[in-house]
Amino acid sequence: MQSLNKKSEIKIVLIVMLLAIGSFLGVDIHLASMPYIMKYMHTSQHYIQLSVSIFLLGLGASILVYGPLSDKYGRKPIMLIGLIIAIFSSFGAAFTENIEAFLFMRLLQGIGSGVCTGIGRIIIADIAHGKKLAVLGSYVSLFQSISPVLAPVIGSYIQKKLYWQANFIVLGGYFTLILFIYLFLCQETNLFKNPYATKIKNIFKQYKELLLNPTFIGSTILSGCVMGSFISFSTLSSFILQIRFHVSPVNYGLIIGLLGVLSMFYKAIFSSILNAIGSKKTIQLGIACLFISGFWILIIETLGIMTIPLLITGVAINFFGGPLIVFNALSYALSPFQKKMGAAGALYSSIQILIGFIASTTVASLSFHSGALILGISYLALAITCIVSYIYFISDFSPTKN
């Protein structure tokens, strides 16, 4: 772990916060525009929803490469390469005319954005571990919540005033700004450069060691299920609210922004809950919230009493549970691997996003059913996966610890 003075540590954390916003800005900013992109490109809801899945595929796959590369060459040069890819593809997406080219640019966007979530998380782990890592992770995630708060609102107004292409131009501008801030203001944080980190045999050896660690696997699955629940809502929400309930793009953005504000509040009180009841009980509470949210949405949809307030209530419960799981899972997964932080952080983020990709692809393929019903089933399935993973890998009764 790198030893820094307080001023340097704060500067690095602030820069990582800006990077964190960029991680999923490619998902959030165009949500209100998805039905309009569908009409513009004369394609189906399924293919437009795949734009989220394709983005996540690029995001998750790229992180597996960025991690080992950053272990060998340092965090900084790899971060700059990823940001350049994100800039190019964001501007490129704004000028596509057909769904195939658009999805290709979305794939490149995911590949470029991968450095923000993958290496950004590793940078925090370079300078902190244990409980401090969990707390700093919660602060970064709290700031990251600005994206789901403001991006859909900004995107909805851009859609109303300028149309959907402007969303991707704004996105490219943001990545350009971040590139210069990171280039000139952030120092290298990797003190353990490993010249053998990119050798295929060594990469597989490190990943094998991580995959054989029960706590790492269990924590990563828990975090991935939270990602899956968030992405399921992102994939379906625009069509549920704008098509089923005839909500305008601007009002859609305001609803998503309200949920983002709630998410920020939940993350802000995380450390208080952690200090009050401890990490394992915090995770248990989070899993319970995920289960309740899925059951709630499934019941009100099955009974035919679904309304916007009832739907948002279920989603808000889910959003409360997510941070309680993720911040503890991050600390559990990464803290034991300080000298393999690039590989550990890469595999952690990649599996997390892979689960999100699977969830997004699944709900998109079932879009001919009621979106709300699919959302409830998705939440419930992911919650059950969390329960099984927690019991098997992390709890005191886990057979992997005996």
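## The largest pocket

Helix 17 provides the largest share of the lining of the largest pocket, with six residues. Helices here are DSSP runs of H or I with at least four residues, numbered from the N terminus. The elements giving two or more residues to this lining are helix 16 (341-365) and helix 17 (371-394). A pocket, on a 1 Å grid over the protein atoms alone, is an open set of points with protein on both sides within 12 Å along at least five of seven lines, and lining residues have an atom within 4 Å of a point.

The space in the largest pocket comes to about 200 Å³. Volumes are the space filled by probe spheres set on the grid points, which are joined across faces, edges and corners. By class, nine lining residues are nonpolar, three are polar and none is charged. In this scheme Ala, Val, Leu, Ile, Met, Phe, Trp, Tyr, Cys and Pro are nonpolar, Asp, Glu, Lys and Arg are charged, and the others, Gly among them, are polar.

## About the model

Please keep in mind that this is a predicted model: local features need pLDDT of at least 70 and side-chain atom pairs count only at pLDDT 80 or more, while totals for chains, interfaces and linings use all residues. Residues are numbered from 1 along each chain as its sequence is written, and side-chain values use heavy atoms, with hydrogens and water left out.

A polar atom of the Ser 395 side chain lies 3.1 Å from the backbone oxygen of Ile 391.

## The largest cavity

The structure has four cavities of 30 Å³ or more, a cavity being a set of grid points where a 1.4 Å probe fits but cannot get out. The largest cavity holds about 640 Å³ of space.

Its lining is made up of 35 residues, and those nearest the centre are Phe 24, Ser 141, Gln 144, Lys 267 and Val 326. Helix 15 contributes the most to this lining, with seven residues. Among the other helices that supply at least two residues each are helix 1 (6-23), helix 7 (130-144), helix 8 (146-161) and helix 12 (249-268). The lining divides into 18 nonpolar, 14 polar and three charged residues.

## Salt bridges

Side chains of opposite charge can pair when their charged atoms come close. This structure holds three salt bridges, each defined as a side-chain nitrogen of Lys or Arg within 4 Å of a carboxyl oxygen of Asp or Glu. One of them joins the side chains of Asp 71 and Arg 75, at 2.9 Å from N to O. Asp 126 also forms a salt bridge with Arg 75, with the closest N and O atoms 2.9 Å apart. This second pair links distant parts of the chain: Asp 126 is in helix 6 (residues 99-127) and Arg 75 in helix 5 (residues 75-93), 51 residues apart. Asp 126 is buried at 8% relative accessibility, and Arg 75 is buried at 2%.

The remaining bridge pairs Glu 301 with Arg 244, their closest N and O atoms being 3.1 Å apart. Glu 301 belongs to helix 14 (residues 279-302) and Arg 244 to helix 11 (residues 214-244), so the pair ties together parts that are 57 residues apart in sequence. Glu 301 is buried, with a relative accessible area of 15%, whereas Arg 244 is partly exposed at 36%. Shared partners join Asp 71, Arg 75 and Asp 126 into one network of salt bridges.

## Two loop residues

Asn 194 lies in the loop between helix 9 (165-185) and helix 10 (200-211), and is partly exposed at 24% relative accessible area. Beyond its neighbours within four places in sequence, Asn 194 contacts Asp 71, Lys 72, Asn 202 and Gln 206, where contact means heavy atoms within 4.5 Å.

His 30 is found in the loop between helix 2 (25-28) and helix 3 (34-40). With 0% relative accessibility, His 30 counts as buried. Not counting residues up to four places away in sequence, His 30 touches Ile 37, Ser 51, Val 52, Arg 106, Asn 167 and Phe 168.

Conventions: Buried < 20%, exposed > 50% of the residue type's maximum accessible area, 1.4 Å probe, protein only. Polar contact = N/O pair within 3.5 Å; in protein donor to acceptor, adjacent residues only side chain to side chain.
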